[in-house]
Amino acid sequence: MSSAFHIHIGGAGVMIGDMLWKLYEKEHNETTQKNYIYQEVDGNHHPQTLFADLDDRMIYEVQRNKQIKFKKNSFLNGKEDTSSVYSKGAYTNGKEIVDEGLDFIRKQVETMDRLDQFIITTSISGGTGSGFSSLLMRRLNVDYGHKIKTNGFILFPSSDMSNSVLEIYNAMFSIKMTQEFFHSIIMFDNQSMYNVIDQQLDLDYLDYSHLNNVIAQIISSYTGLKRFNNISNSKLFQNMCPYPNLHYFIPSYGKMSSINDYIKKNQNQAQFIKYLTQKSIKLYQCPNNPQHLSTTLLLRQQEENPFYGKFDLTLQNLEHFYNQSPRVFQCTSSNYQVLSELASMKQTGIFFSNDASIVYRFRQFGQKFDQIYAKRAFVWTYVTEGLEEWEFSEGRESLAQLQDEYNQIITGSDYPNGSNLNHQQ
Ligand SMILES: Nc1nc2c(ncn2[C@@H]2O[C@H](COP(=O)(O)OP(=O)(O)OP(=O)(O)O)[C@@H](O)[C@H]2O)c(=O)[nH]1
Ligand SMILES: [Mg+2]
């Protein structure tokens, strides 16, 4: 029996983790493979996880929930957050607690059956989410190397929201970590999620809990393949990477409904797929058209739906590089909700795309960075906390290299229609 270990880092990462474990708790009775994420001691199930933050406020929020039997060594905090400075997370403040964190992970992992993956949630705009994640992931990589898959569900800076200078720097320093220490990255940004949720739900207000709920639902369906159905998910993302470095995925999720609007009618499957694959519900939005290198559809409902195995023309008609058909996974379980104003749907789906159109966002992100770095704004803030100045260009070069790799595929001879694509570079 394989197992997964969850690591939630920084304020946003910890709150996403909080939502996720609440959801797992709701799903507990239906979960057949409990050891995948829990350790069982005397009939109690203890989450195999680490919540790590440099201050204790969010951690304290998680600990308030006494229903879930977290272990003591699932919580790691320092004395003070980073005030949004990567280098405090990666060097000064982070250094004080990283060994303890690794020890907490090791002790838990030792009790697990056969660890096959780490699942990480974090926001790389934050100083802890970027800096401490980079430090911890580098150290984990030394200890666990390439034996264990590392899958990140990661918040990137939004494109239009007024990102602070520090958020842009933090995210730029993190690109290298996403390249070197992760096998797959599922990308989100708050603004895209706001848009998609607002489009699907008619709620009076939206806050972080709604955004975190969406990410939690996606992770839950992904681990649900194993937890409910004992289907291995460990190659799901790996099989979507034509090249190992191109491991960035855009998810779409639907449908959501508030309890008040819930209409109990079956959705037509073809329309449902069409809905899920439309551009406007991506949780990391790019203005240009999708350029799918590979895609996977993950559906969740109580009974397996044979329709998707036999007749997935809507999917096959999606334009793909390499003429590959999308793969379809079915997670058979109810769709639980933690937020009481949301309805538990009969069916939900996630459409994951390894979508080369993200180069647009990478380019935009690089330009923002260049503008602020040209003025050398706040460089001193990072340097006084142990960062070497060459790391600014190292981060930028990692991004440029990644852009190049995607560009080569889009314009390369690999794809006969490459030159006709609506690619903006
Ligand atoms: N989706 C979502 N975003 C959040 C949440 N909390 C904060 N954010 C956003 O995530 C970014 C990083 O914030 P945090 O995660 O709080 O920062 P951190 O990693 O703890 O880093 P420091 O506190 O600066 O040391 C900011 O842009 C916030 O707006 C959350 O619960 N959910
Ligand atoms: Mg914080």
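Me: Which helices each supply at least two residues of the shell around ligand 1?
Reply: Read a shell by the elements that line it. In this predicted model, three helices qualify: H1 (10-26), H5 (127-144) and H8 (208-229).

Me: Where does the largest share of that shell come from?
Reply: From H1, with four residues. In total, 22 residues surround ligand 1. Gly-10, Gly-11, Ala-12, Gly-126 and Gly-129 are the closest.

Me: Now the domains. How is the protein divided?
Reply: Domain 1 spans 3-250, domain 2 spans 255-356 and domain 3 spans 359-420. The C-alpha centres of domain 1 and domain 2 are 23 Å apart.

Me: How many residues of domain 1 and domain 2 are in contact?
Reply: The size of an interface is often given as the accessible area lost when the parts come together. Here, take the residue counts. Domain 1 contributes 39 residues, and domain 2 contributes 32.

Me: Which element gives the most to the side of domain 1 that touches domain 2?
Reply: H8, with 12 residues. Elements that each supply at least two residues to this side include H1, S8 (184-189), H7 (190-200) and S9 (248-254). By class, this side has 22 nonpolar, 11 polar and six charged residues.

Me: In what sense do S2 and S3 pair, parallel or antiparallel?
Reply: Look at the bridges and the turn. S2 (38-41) and S3 (44-47) pair in the antiparallel sense over four bridges. Tyr-38 has Pro-47 in S3 as its bridge partner. The two strands form a hairpin with two residues between them. In the turn, Asp-42 has a positive phi of about 50°.

Note on methods. Residues numbered from 1 in each chain as written. Chains lettered and ligands numbered in written order. Predicted model: local features only at pLDDT ≥ 70, side-chain atom pairs only at ≥ 80, totals over all residues. Pairing = 2+ DSSP bridges. Near = placed C-beta within 6 Å. Domains from an automatic or database assignment. Contact = placed C-beta atoms within 7 Å. Nonpolar A, V, L, I, M, F, W, Y, C, P; charged D, E, K, R; others polar.
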